Amino acid sequence: MTSHQAPTTAPIQAPIPARTRIGAAVGLLLLSPICAEYLIGYDQIISNPLDMLTGLLVLGPLYGTVAVLIRETARRTGRGWPTMVLLSAVFGLVQAGVIDQSLFNPDFVDEASWDDDRLPTFVAGLGVSVKHVAGFVGGHVIWSFCAPIGVVESCVPRIADRPWLGRVGITVMIVLYGLGALVIFKEHGKQFLATPAQFGTVGLFALGLAVAAFALPRRFPRRGADGRGGEGRDEGSRGSGGRVPPAWAVGCGAVVLMGAHQLSSPGWGGVALNVAALVLAGGALLWWSGRPEWGPAHVLAVCGAALVVNAALSFVVEPLGDTSPVVKYGANAVLMVVVLLLLGWARRRLRHIIVRPLEGARPV
């Protein structure tokens, strides 16, 4: 820079209309519980659409508020996906180990299939099934929190890396989560209560994950393919050069690995496959996401693949209890159509944002 050159300054971001911010937060508040509980159709509630709608009054505060708070925390502190994944693991562990205690309750589901799934990898000294730890916590990380966050952010790409809520909105989310968690804890606590040692162990692991989430370095800005400032590389990446697979290939790989995670059999061999799939997926994403060619379309491909996997598996999952096959398959089909329409709309939104500057239109 010569003495005659003016110093560069960061561009001032335009304010976000309240309806856009609130609409995105509400969308995540609803999509999270749908992905967590309804999409794969394992519960008999799938046969009662009215109960599914009213169930969101409890499941929204229990899951959706967490997804919103995780996202807000990461975006406000300048962190990205590694932090969101670790925070998702924190809340997933608390959900399964403290709130509904499904990790420890041997009679959580009054079905023979519960023991068939739990006992082959049950560790008596810990009082938990290793398969359940991997399945429940991993499931919350992927389907309860991260996949909904990625899909909703793709629907609003202009504000994907910016906060959506102010102090009032965040306070509302915290209060709603507390109420939802209390309702579920009291309901399940009537029949079973984990030991203080079990609660303490969950708390220690959750605390360690939370510390790790904020010990990661913040991300740093990068330039996008269209010459504008990009969202920034996530913390933990080395910014290595090299190409990344196209978004469609990343999505296909995500379908295979997440399908392996969901379909892994009971027993230690199934657990090994389950963990291997999660580690391979996480390692690949961490490696590729640090490269300049990684973009929002890749994030949507991974998160969208998670929704498609569970929506597809719902057709072969037999719900608990008595269900009407006609209503069950009808609900499965409706949810699959909704998922495909949502992902198509999100992809169109991303394409609109990326293509317009390349065509010479005013950057958005």
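Start by selecting helices α3 and α7, which are roughly antiparallel to each other (a label for angles over 145 degrees). This is a predicted model, where local features need pLDDT of at least 70, side-chain atom pairs count only at pLDDT 80 or more, and totals for chains, interfaces and linings use all residues. Residues are numbered from 1 along each chain as its sequence is written, and side-chain values use heavy atoms, with hydrogens and water left out.

**Stop 1: the helix pair.** α3 covers residues 81–99 and α7 residues 196–215; they pack at about 170°, with axes 8 Å apart. Axes here are lines fitted to C-alpha atoms over the stretch in contact, and angles run from 0 to 180 degrees between N-to-C directions. Now show side chains: on α3, pick residues including Leu86, Val90 and Leu93, which belong to the face that meets α7 residues, among them Phe199, Phe205 and Leu209. Contact means heavy atoms within 4.5 Å. By class, this contact has 16 nonpolar, two polar and no charged residues (Ala, Val, Leu, Ile, Met, Phe, Trp, Tyr, Cys and Pro count as nonpolar, Asp, Glu, Lys and Arg as charged, the others, Gly among them, as polar).

**Stop 2: the core.** Select Trp164 and Met258, the residues with the most contacts inside the largest nonpolar core, which has 80 residues. Such a core is a set of buried Ala, Val, Leu, Ile, Met, Phe, Trp, Tyr and Cys residues joined through side-chain atoms within 4.5 Å. Beyond neighbours within four places in sequence, Met258 is in contact with Ile142, Trp143, Val302, Ala305, Ala306 and Val309.

**Stop 3: Arg118.** Move to helix α4, residues 112–118, where you will find Arg118. Arg118 is buried, at 10% relative accessible area (buried means under 20%, with a 1.4 Å probe and protein chains only). Leaving aside neighbours within four places in sequence, display Pro106, Ser129 and His132 as the contacts of Arg118.

**Stop 4: Gly270.** Next comes helix α9, residues 268–288, which holds Gly270. Gly270 is buried too, at 4% relative accessibility. Draw a distance to Lys131: the two C-alpha atoms are 7.9 Å apart, although 139 residues separate them along the chain.

**Zoom out.** Buried residues make up 45% of its 364 residues.

Technical notes: Helix = DSSP H or I, 4+ residues; strand = E, 2+ residues; numbered from the N terminus. Parallel < 35°, antiparallel > 145°, perpendicular 65-115°, else oblique. Buried < 20%, exposed > 50% of the residue type's maximum accessible area, 1.4 Å probe, protein only.
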